[in-house]
Amino acid sequence: MRFEGTLDSWYAERGHGLVKPEQGGDRVFVHVSSFPLDGQTPQEGERLSFEVVSKSDGTKQAVRLQRLEAFRLPSQLRPARTGSRPPRPIARRRTSPLTWMVLVLLALGVGATVWAPASHALGNSKAAAQARR
């Protein structure tokens, strides 16, 4: 049995939305794969014809959708989608000059600690050089 309704909400980044049947009742889940392959993206407010099937978990899903009209609601008249906006990109933090200075001093300290005992162990000190003479 076919029903008619309106695409009530659409979450493009997730690929699904909800259809509100004109006959009343609960909104029905719809997946992007149920839309016709006509190259048009689903738009909130567009009228659809669909069939309803029950999924394995007992929820209902709209399938075999058909667009009923070519009318498109202008973007200024569409309701704002507050819950379906993509997350903001994370701003990359720059490393401060103070952090670089601390890292350089730490590297110099570790280098001096490692280099000094190694040079004494090899016998490159002045005292060792004089004792060999």
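User: Before we start, what should I keep in mind about the model and its numbering?

Analyst: It's a predicted model, where local features need pLDDT of at least 70 and side-chain atom pairs count only at pLDDT 80 or more, while totals for chains, interfaces and linings use all residues. Residues are numbered from 1 along each chain as its sequence is written, and side-chain values use heavy atoms, with hydrogens and water left out.

User: Okay, the sheet. Which strands make up the closed barrel, and in what order?

Analyst: A quick word on terms. Strands (E, at least two residues) are DSSP runs, numbered from the N terminus, and two strands pair if DSSP finds at least two bridges between them. Here five strands form a closed barrel in the order S1-S2-S3-S5-S4, with mixed pairing. On average, neighbouring strands of this sheet are turned by 50° against each other, direction ignored; the axes behind that angle are lines fitted to C-alpha atoms, and angles run from 0 to 180 degrees between N-to-C directions.

User: Which way do the strands around S5 run, parallel or antiparallel?

Analyst: S3 and S5 (residues 60-67) run parallel, joined by two bridges. Phenylalanine 29 stands opposite glutamine 61 in S5, and valine 30 is opposite alanine 62. S4 (residues 47-54) and S5 are antiparallel, with six bridges, and leucine 48 sits opposite arginine 67. Leucine 48 is also the bridge partner of glycine 5, in the antiparallel pairing of S1 (residues 2-11) with S4 over five bridges.

User: How do I read the two faces of a strand, say S3?

Analyst: In a regular strand the side chains alternate between the two faces of the sheet. S3 has Val28 and Val30 on a covered face, and Phe29 and His31 on an uncovered one. S3 also pairs with S2, antiparallel, through four bridges, and histidine 31 is the bridge partner of histidine 16.

User: What about phi in the turns and in S5?

Analyst: Most residues other than glycine have a negative phi. The S2-S3 hairpin has six residues between its strands, and glycine 24 in the turn has a positive phi of about 95°. The S4-S5 hairpin has five residues between its strands, with glycine 58 in the turn also at a positive phi of about 95°. Then look at arginine 64: it's not a glycine, yet it has a positive phi of about 50°, and its place is in strand S5.

User: Now side chains. Is glutamate 46 buried or exposed?

Analyst: Buried means under 20% relative accessible area, exposed over 50%, and partly exposed in between (1.4 Å probe, protein chains only). Glutamate 46 lies in the loop between S3 and S4 and counts as buried because its relative accessible area is 5%.

User: What does its side chain reach?

Analyst: A polar contact is a pair of N or O atoms within 3.5 Å; within protein, one must be able to donate a hydrogen and the other to accept it, and residues adjacent in sequence count only if both atoms are side-chain atoms. The glutamate 46 side chain reaches the backbone nitrogen of glutamine 43 at 2.9 Å, and a polar contact of 2.9 Å joins it to the side chain of arginine 67.

User: And where is arginine 27, and what does its side chain do?

Analyst: Arginine 27 is in the loop between S2 (16-21) and S3 (28-31). It's partly exposed, at 45% relative accessible area. Its side chain makes a polar contact with the side chain of aspartate 8 at 2.6 Å.
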